[in-house]
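I would be glad if you read them with the coordinates open.

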Amino acid sequence: MEKALQCRSLTKQFRDFTLGPLDLDLEPGTVLGLVGPNGAGKTTFLQCLVGLLRADAGETRILGRPNDPNRPDWKLDIGYVGDLQVFWERWTAARNLEFVAQFYPGWSQERAAELAGRLRLPLEKRAKDLSTGNRVKLSLVMALARSPRLLLLDEPTSGMDPVVRAELLEVLFETLETGDRAILYATHILSEISRLADDLAFLDEGRLRLRARKEDLLERWRRITFRHGDGEVRLPSVVSHRREGMDHQVVSSDADSTRRQLRELGAENIRETNMGIEEIAIQILKGGENA
Amino acid sequence: MLLDLTDLSSEPLQAQIVRQIRAHILAGNLGAGADLPSIRKMASDQRISVITVQRAYESLEREGLIHSRRGKGFFVSEFTRDRRRDLAAEKLRESVQPVIREALAEGLDKEAIQAVIGTILREV
């Protein structure tokens, strides 16, 4: 099957910030959490993907087609939610939805109504009177009611209360049941996406630090304590190291190899504990060079 | 299938799924030939990622507890009473081993540990 997203050497240059060059693939049926601090370049990246910004270099294919602004048919199969929403401000939310519906062959009015209800979008209000959170909801309903094969979400829960946020995650899980839909979910709050995501990509200062299967990260990273007496201990996969006398506590990005090295060194009392995905993410974004 | 998954445990979700399905199978709640929810269904029901479920099923398959049939999904495997006992014993060993290691590190000797286990066995 063709990739949901394929991006090669994507670069976007600003006076004081450079995004990329970025290489990123996304398989159908997969959820990728794009995680990084504010200012990492997540929004710029997504805007380049959907054509709101023009990349300076690189190639992007969406569902097999180049994201060519002159032949925008590739846009029919994607849903994008970001902080830049264009509505007909004097129209009600409902009328905005009706208007958009005609452009999308996959649109379901029933689905739009259901989603609006679940996300508590006040359909009768004019767009210009909607709060920030409600504007995001309106663009979410627009993005989801057309059953897109690729969803690109940029901080989609900003301005939402916890109940609606949970409901949105429910909706996204349901979206995935059909099997071939892909989601790229950008957020600076990993916990939002930590259960939903199959893969995680860490973006920092415009560069991709790491992209990995979440389950692989959970399997490889460990906090390891051991006792070892003599002199300096050098462990290649270790990203942080604390020591008190003979007691050591390290964080390893590759527990198997660290364990092997410790045995060779003759370390004693080797113990391992699992790490949560949030702790792992923090270590990666802190820039453990070994991560 | 009702699983009880929590983010508040140091046990990863994948391990929680494996342990709970294994317990269902060993306790006989899921008999030989019973089908498991599809990977996508399980992921959606439990609100976890597809890959997490896939890895959990693969792990149960390696243990020989379930098997997959192409296009049909996953089914509980058939095994003898002896095999069931071996699996249960293996599971017990896995959960008791770290506790005993800890007790040894804390200064209890083997006799003292055996005495404690003996007491527990009389009490249950």
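Predicted model: local features only at pLDDT ≥ 70, side-chain atom pairs only at ≥ 80, totals over all residues.

1. Residues are numbered from 1 along each chain as its sequence is written, and chains are lettered from A and ligands numbered from 1 in the order in which they are written.

2. In chain B, the axes of helix H1 (residues 13–26) and helix H3 (residues 50–62) come within 9 Å and cross at roughly 45 degrees. Helices (H or I, at least four residues) and strands (E, at least two) are DSSP runs numbered from the N terminus, and axes are lines fitted to C-alpha atoms, for helices over the stretch in contact, with angles running from 0 to 180 degrees between N-to-C directions. The angle makes H1(B) oblique to H3(B); angles under 35 degrees count as roughly parallel, over 145 as roughly antiparallel, 65 to 115 as roughly perpendicular and the rest as oblique. The crossing of H1(B) and H3(B) is right-handed, a term used if the near helix is turned clockwise from the far one by less than a right angle, anticlockwise being left-handed.

3. On the H1(B) side this contact is made by B:Leu13, B:Gln14, B:Ile17, B:Val18, B:Ile21 and B:Arg22, and on the H3(B) side by B:Thr52, B:Val53, B:Arg55, B:Ala56, B:Ser59 and B:Leu60, where contact requires C-beta atoms, placed from the backbone, to lie within 7 Å. Seven of the residues in the contact of H1(B) with H3(B) are nonpolar, three polar and two charged; Ala, Val, Leu, Ile, Met, Phe, Trp, Tyr, Cys and Pro count as nonpolar, Asp, Glu, Lys and Arg as charged, and the others, Gly among them, as polar.

4. H3(B) also packs with H2(B), the two axes coming within 8 Å and crossing at roughly 120 degrees, and these helices are therefore oblique to each other. Here B:Ile39, B:Arg40, B:Met42 and B:Ala43 of H2(B) meet B:Val50, B:Val53, B:Gln54 and B:Tyr57 of H3(B), which by class gives six nonpolar residues, one polar and one charged.

5. Between the chains, twelve residues of chain B are in contact with 17 residues of chain A. Helix H2 (39–46) and H3 of chain B each supply at least two residues of the side that touches chain A, and H3(B) gives the most, with four residues. That side of chain B comprises four nonpolar, five polar and three charged residues.

6. In chain A, helix H2 (residues 93–101) and helix H4 (residues 132–144) pack at an angle of about 25 degrees with their axes 11 Å apart, which makes H2(A) roughly parallel to H4(A). A:Ala93, A:Asn96, A:Leu97 and A:Val100 of H2(A) meet A:Leu138, A:Val141 and A:Met142 of H4(A), and the residues of this contact are six nonpolar, one polar and no charged.

7. Chain A also holds an open sheet of four strands in the order E12-E13-E11-E14, with antiparallel pairing, two strands being paired if DSSP finds at least two bridges between them. Its edge strands are E12 (238–244) and E14 (268–274) of chain A. Strands E11 (residues 222–227) and E13 (residues 247–252) of chain A pair over six bridges, and A:Thr225 has A:Gln249 in E13(A) as its bridge partner. Helix H7 (residues 255–265) of chain A packs on the sheet, touching E11, E12, E13 and E14 of chain A, and its direction makes about 5 degrees with that of E11(A).

Key. Contact = placed C-beta atoms within 7 Å.
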